[in-house]
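Work through the exercises below with the sequence and the 3D structure in view. Each task is followed by its solution in steps.

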Amino acid sequence: MIGEGLITGIGRGTMAAWRELGGITVLTGQVLRALVPPTMDRPELLRNLYRMGNRSLPIIALTAFFVGGIMVVQAGVLVRQLNAAGLVGWGAGYAIFREVGPMLIALMFSGRVGSNNTAELATMTVTEQLDGLRALAIDPIRYLVVPRVLAMTICLICLVILGDIIALYGGALFAMLVLDLEYATLHYSLVDNIGWLDFIHGVVKAGVFGAAIAMSSCYFGVSVRGGAVCVGKAVNAAVVAAAISIVLLDFFLTYLLP
Amino acid sequence: MSEPGRTAIDVHDVQLRLGHRQVLQGLHLKVAEGGRLGILGPAAGGKSVLLKLLVGLLQPDAGRVEIRGTDLSSGDEKVLMRVRRDIGMLFQNYALFDFMTVGENVAFPLARRGDVEADEIRDRVEARLRSVGLAGSAHKMPSELSGGMKKRVGIARATIARPALVLYDEPTAGLDPVTTQKMYDLLSADQEETGCTVLAVSSDVKALMGFASELALIHEGRIRYAGSSSEIADSSDALVRQFVSGSEDGPL
């Protein structure tokens, strides 16, 4: 009986996951169709760029600054043992540009902007605001979803670029304070060993993560059914889906990108 | 613009199931251009669902819904968008856009058309808000308004673009009797000015009888009465008589 229940549960969960994946794929198709040629509400795009990007900057900057510091402090023990001070700039830069920067900032962005986006769209859905738009002959996908997807993708790319820079300076500051390294050592270690490809690698990841967060947060927002309780469930599902997407996409992109 | 003599709404043998519930069961309804029809009926009888069918937000499982000669039953988005440009709708729960001010909400249908100057939009919004008793509220957010005020903003938004067909879902729910009468007077004056077709759903039997010359009563997805508002109280159907009189004795 327990085995039967387990199999039923796994089957039900798998079906639900495929259903949600199918829904996200259909919504992605609708968004792509709206982008060729681009037909969207530009004021809505600008409004979202401001509130999703500008307002996320302080928290992303703070996180990035200390992430850079943590990496240097963690590396400190090994650097002292191996007398490898010349590798600190390279190590920190490589990890920040390629992995830690895009992934951590994407997770922060998902928690702050993605969850807020799902809650907002889900509330609009359950209070019939999306039907209100349709009744006014306005396609909610073009009016609400497309500007949000674009804004979230653009904002995450910009935030990752800024976050990378801030993390590097955070790392440099902690390296000077904790490891007693000189700024010049860190600087040359970074610029001599890190190429544009490392930077681009992270930027491409940021764009893909931004689109994934946007699609999952918009999908769970517009597909919600029921009342206020369902809004909470939709936010929860969107955050979990975004986190899983980020980790899985990170794995594949790390494998595929040069 | 409305064209007198033409059929504005033609609902033919519509069936609709939502989940496990058969909401509409062979519903027939016709409203002429420029007509004013009131829809009555007990709660959960399919009144609001009918309005959503008329604006294409729901598709019937069987039957046909035609708005001003255009069949909406195919669900073609382009057709629906074209038809909706001539429809104004007040939702039961207002459906005001909570990220916009009251003024922006009311201006929205005009602003989206793209052929009305900003100055004219501002003037019309001010006039419309004044007519629904909300002068000076344009800068407020919907969250700052009471339920009755939101309802009035919804009415202003539904009618500002002077659509050929206006659908009101419970236009006076939550309003006091005096404001209710004022709102129906406003809706009447609007209709006389624009010649639009109006379909209003309400549970307020007395107020609706004063507003609409024709009434239809929906119960369990079927029309139980369709005819003159002055004759509804004398209907041969005991359920209709009970609903109109508000009596506790009867089939309801």
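**Exercise 1.** How much area do chain A and chain B bury between them, and what share of it is on carbon and sulfur atoms?

*Solution.* This is a predicted model, in which local features need pLDDT of at least 70 and side-chain atom pairs count only at pLDDT 80 or more, while totals for chains, interfaces and linings use all residues. Residues are numbered from 1 along each chain as its sequence is written, chains are lettered from A and ligands numbered from 1 in the order in which they are written, and side-chain values use heavy atoms, with hydrogens and water left out.

Step 1. Buried area is the accessible area (1.4 Å probe) that two parts lose on being put together, summed over both. For chain A and chain B it is about 1600 Å², with 64% on carbon and sulfur atoms.

Step 2. Contact means heavy atoms within 4.5 Å. On that rule, 18 residues of chain A touch 20 residues of chain B.

**Exercise 2.** How many salt bridges does the rule find across the interface of chain A and chain B?

*Solution.* Step 1. A salt bridge needs a side-chain nitrogen of Lys or Arg within 4 Å of a carboxyl oxygen of Asp or Glu. The rule finds three across the interface of chain A and chain B.

Step 2. One of these pairs is Lys52(B) with Asp131(A), whose closest N and O atoms are 3.9 Å apart.

Step 3. Helices (H or I, at least four residues) and strands (E, at least two) are DSSP runs, numbered from the N terminus. Helix H2 (42–53), helix H5 (129–135) and helix H6 (140–178) of chain A each give at least two residues to the side that touches chain B. H5(A) supplies the largest share, six residues.

**Exercise 3.** Which strands of chain B are joined to E1(B), and by how many bridges?

*Solution.* Step 1. Two strands pair if DSSP finds at least two bridges between them. Strand E1 (residues 7–18) of chain B runs antiparallel to strand E2 (residues 21–32) of chain B, with nine bridges; Asp10(B) has Lys30(B) as its bridge partner.

Step 2. E1(B) and E2(B) form a hairpin with two residues between them, and Gly19(B) in the turn has a positive phi of about 65 degrees.

Step 3. Five bridges join E1(B) to strand E4 (residues 62–67) of chain B, also antiparallel. Here Gln15(B) is partnered by Ala62(B).

**Exercise 4.** What is the strand order in the open sheet of six strands in chain B?

*Solution.* Step 1. The order is E6-E7-E8-E3-E9-E10 (chain B), with mixed pairing.

Step 2. Strand E6 (87–90) and strand E10 (222–228) of chain B are the edge strands, each pairing on one side only.
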